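Student: I'd like to learn how to read the features of a model like this one. Could you walk me through it?

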Amino acid sequence: MSLVIGVDIGNSTTEACIAEVTQGEVGRLASSLTATTGVKGTPENTTGAVTAVRRALEVSGRPADALATVLLNEATPVISGLAMETITETIITESTMIGHNPDTPGGEGLGVGTTVALDGLDEVEPGTTVVVVVGKGADFDDVAHLLNRAFERGVDVVAGVMHGDDAVLVVNRLQRRIPVVDEVSAVEKVPLDMLAAVEVAAPGRTIRTLSDSYGLASTFDLDAEQTRKVSPVARALSGNRSAVVVRTPAGDVTDRRIPVGTLHLSGSGRTLDVGVDGGADAIMEAIGRVAPLSDVHGEAGTHVGGMLANVRDTMTDVTGQPASEIRIRDVLAVDTMVPATVRGGLAGEVHQENAVALAAMVRTSRSRMQAVADALATELGCETIIGGVEGEVAVRGALTTPGTSVPIAIIDMGGGSTDAALLDRDGAVSAVHVAGAGELVTKLIDSELGLEDREAAESVKRHPLAKVESFFHIRHEDGTVQFFTEPLPPHVFAKVVTVTPEGLAAVPVKGSLESVRRVRREAKRRVFVVNALRALAQVAPQGSLRLLGSVVLLGGSALDFEIPGMVADALAPYGVVCGIGNVHGTEGPRNAVAAGLVDVHAGTAAGPAPEKVQRQAAS
Amino acid sequence: MTRGSPLSGVSASGGPGCHGRIDRPLSTRDLADPTMPPAVLVVAHHDAPPAVVREVCAGAEEQGVPTALLDPPRDGRLGPFAARESRLEVGVGIAADGAVTVHHALVPDAILALDAGAPAADLRVLGADAARIVAGLPLRSLRR
């Protein structure tokens with residue numbers, strides 16, 4: 001009998017499985033999990049591996065000196081990088097328009113007149129039609145008083161634009177109800193003495209005149225050519241509850257596509273350049289045309305170029321290989337929307353701009369696992385063996401899931417890359433790594449919701465959502481209501497929250513629960529579902545998913561509350577049985593490699609004709 | 001305003017968004033009384049600074065939720081009293097020194113509070129938040 005521990009060093013976690021091995025019988029005792037230290041396959045992994053071993057020993061209650069053998073997987077470094085380029089921008093020139101949705105605009109209707117400052121109202125000739133512009137710091141009672149005095153003098157004040165949040169207060173105090181747009185932070189930039197139109201829609205409605213090209217034409221008396229020029233203004237305003245349009249000599253709103261450089265793709269004996277601003281579809285289509293990809297370069301000075309160079313440099317640091325020998329083997333491009341502040345906007349307006357997110361992955365055959373093994377042997381004082389290539393071990397570990405059979409494929413959904421491996425009836429294993437996994441999902445959620453807070457994005461990714469509907473109840477995203485006997489804290493009141501084991505955490509967004517949920521599910525679908533299909537197609541016999549028997553999901557993301565279901569749904573049309581791994585019927589989707597290493601060592605590995613595994617003694 | 005209403009018309013300090021002062025004696029007031037307006041009740045100490053009352057009421061008015069002023073009870077805390085009496089279950093108490101608390105009838109602790117001498121802008125936001133509790137909107141004072 002000997003005490004054996006299998007240690008699987010992964011991209012983000014290091015797992016260990018401790019067992020007693022007696023003449024081909026494996027008695028598993030305990031398992032442990034810790035964060036991987038350093039890049040997988042480098043000497044920095046030793047610290048994490050030692051922690052995992054010590055924890056497993058502790059849980060199993062065995063003394064450290066009883067340990068006979070440590071088994072390590074042959075892990076090769078996989079380094080991934082992420083970058084995002086915004087490819088469109090909206091620019092407003094000459095402060096032509098204000099298209100924002102203050103929570104509480106005042107009055108309703110459309111008012112068209114010449115812009116005049118509040119101070120200048122007394123000098124306006126009676127009978128003139130004006131739009132009043134109210135600067136910072138004005139008190140609502142004073143504003144109402146001045147406007148009422150102007151009404152009495154016969155000045156036709158038809159609308160207002162204000163700095164502060166008091167449109168309703170002002171309108172409530174006026175003799176006449178006029179539309180007022182408030183919370184215009186850069187109100188001092190509104191050009192004076194120009195023709196302007198202010199429109200506020202009734203609650204629950206959106207503006208109709210200023211968001212329509214011919215509505216603008218009628219309002220400002222434009223000819224056909226001028227109407228063509230202002231149509232971007234109309235489009236930019238559609239969907240708003242309130243808006244201001246000022247007619248200036250050269251005012252314009254433009255939707256510009258930003259040139260963000262090109263990707264230089266090489267593969268299958270040819271090279272291809274594709275513009276990043278062409279969007280994800282164009283990039284993925286170009287990658288498909290040069291498949292299999294042998295290398296990618298980005299244009300220097302762009303985010304994407306910087307990211308690709310960075311991935312290459314990190315791999316150089318890790319392996320000592322010269323940068324020129326490092327090849328980027330996979331790229332995943334995803335279209336996304338990013339809320340960006342409109343250039344030239346007067347009220348901090350935000351517009352959804354198009355962006356492309358790119359994940360790249362580089363992998364090397366040069367592993368420094370032997371150095372990790374040597375360090376571990378010294379640290380723990382026992383024999384350390386590198387026992388098996390991870391794809392092979394993982395797939396055999398996965399095969400211990402009850403209900404699986406060969407041919408069996410695994411999808412390991414990690415942080416930086418998505419890995420797939422296939423074990424066919426002859427015992428042959430093929431494996432592939434593709435770029436894009438959990439980190440990219442977090443990044444997409446972060447940027448699409450405009451959170452700029454990685455932890456909040458991570459929380460949205462990991463936990464279901466709910467809406468706090470009162471101080472005593474929440475409504476979960478599936479509609480079920482949960483009551484609380486203690487009042488909920490005010491900072492989550494009426495908020496969209498994530499339901500975490502530690503309690504409710506407010507998501508700092510203005511949007512509805514439904515919109516946050518849509519962003520979260522779309523991000524997961526565009527990364528994990530797309531990558532599962534992409535990776536499986538590369539390992540499947542003749543590239544046909546229909547020829548796969550079982551697909552077992554492994555890795556941290558297999559524990560996600562919705563990703564396994566989404567992947568299974570996507571695979572269902574191919575007649576594939578897909579489910580979450582349950583290694584040895586007890587371990588769940590974790591520990592496939594660690595448990596598999598022990599099985600291989602004991603000669604009890606599952607599956608047909610296990611190939612002879614090379615063993616290298618380290619001490 | 002209809003005859004028999006417990007309201008005494010628009011109060012000078014409340015503004016048009018305010019139902020005014022409810023001046024029916026405490027003993028005859030009844031929560032089931034249909035003439036009691038649905039409003040965020042503001043209970044201010046007799047010596048409370050009028051400017052504080054004005055900003056709090058203005059905050060709620062901007063949100064489109066009516067307020068009404070109520071005389072303080074003989075004893076007890078103002079905020080919880082206001083919340084208990086309000087048909088919308090939300091009340092604001094304003095102490096003699098101008099300190100303000102926002103209460104919900106079903107929540108023992110104050111939802112929000114401001115010490116005496118708070119800037120007018122903060123008082124306005126606090127009033128808006130009292131209204132936002134009624135409307136079921138996230139509170140602005142607690143925004144990160």
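Tutor: A residue is buried if 20 or more other C-beta atoms lie within 10 Å of its own, exposed if 12 or fewer, and partly exposed in between, with C-beta atoms placed from the backbone. Before we apply that, note that this is a predicted model, where local features need pLDDT of at least 70, side-chain atom pairs count only at pLDDT 80 or more, and totals for chains, interfaces and linings use all residues. Residues are numbered from 1 along each chain as its sequence is written, while chains are lettered from A and ligands numbered from 1 in the order in which they are written.

Student: How does Phe151(A) count by that rule, and which element holds it?

Tutor: Phe151(A) counts as partly exposed because it has 15 C-beta neighbours inside 10 Å. It lies in helix 2 (residues 140–152) of chain A; helices (H or I, at least four residues) and strands (E, at least two) are DSSP runs, numbered from the N terminus. Two residues are in contact if their C-beta atoms, placed from the backbone, lie within 7 Å. Leaving aside neighbours within four places in sequence, Phe151(A) is in contact with Val157(A), Gln175(A) and Arg176(A). Arg257(A), 106 residues away in sequence, is 47 Å from Phe151(A), C-alpha to C-alpha.

Student: Is Asp419(A) buried or exposed?

Tutor: Asp419(A) is buried, because 26 other C-beta atoms lie within 10 Å. Its place is in strand 22 (residues 417–423) of chain A. Apart from neighbours within four places in sequence, Asp419(A) has contacts with Asp412(A), Gly414(A), Ala431(A) and His433(A).

Student: And what about Val50(A), where is it and what does it touch?

Tutor: Val50(A) sits in helix 1 (residues 45–60) of chain A. It counts as partly exposed, because it has 19 C-beta neighbours inside 10 Å. Not counting residues up to four places away in sequence, Val50(A) touches Leu376(A), Glu379(A) and Leu380(A).

Student: Let's turn to chain B. How confident is the predictor there?

Tutor: Confidence is read from pLDDT, which runs from 0 to 100 for each residue. Chain B has a mean pLDDT of 84, and 80% of its residues reach 70 or more. Over residues 1–12 of chain B, though, the pLDDT is below 50, and this stretch has 25 contacts in the model beyond near neighbours in sequence. For the complex, the predictor gives an ipTM of 0.85 and a pTM of 0.87.

Student: What pattern of elements does chain B follow?

Tutor: Chain B has 3 helices and 6 strands, and along the sequence they follow the pattern β-β-α-β-α-β-β-β-α. Of its 144 residues, 51% are buried. Among its contacts between residues at least 6 apart in sequence, 58% join residues at least 24 apart.

Student: How can I check the length of helix 3 of chain B?

Tutor: The expected span of a helix is 1.5 Å times one less than its number of residues. Helix 3 (residues 120–135) of chain B has 16 residues, so it should span 22 Å; its end C-alpha atoms are 23 Å apart, which agrees. Because 12 of those 16 residues are buried, the helix is largely enclosed by the rest of the structure. What covers its buried residues includes strand 2 (40–44), helix 1 (50–62), strand 4 (90–94), strand 5 (100–104) and strand 6 (107–114) of chain B. After the helix comes Gly136(B), with a positive phi near 70°.

Student: Which residues touch the most other members of the largest nonpolar core?

Tutor: A nonpolar core is a set of buried Ala, Val, Leu, Ile, Met, Phe, Trp, Tyr and Cys residues joined through C-beta atoms within 7 Å. In the largest one, with 233 residues, they are Ala360(A), Val40(B) and Val42(B). Helix 12 (residues 513–539) of chain A gives the most to this core, with 9 residues. Beyond four places in sequence, Val40(B) touches residues including Ala130(B), Ala131(B) and Val134(B).

Student: Finally, how many residues are in contact between the two chains?

Tutor: 18 residues of chain A are in contact with 19 residues of chain B. Helix 3 (residues 167–172) of chain A gives the most to the side of chain A that touches chain B, with 3 residues.
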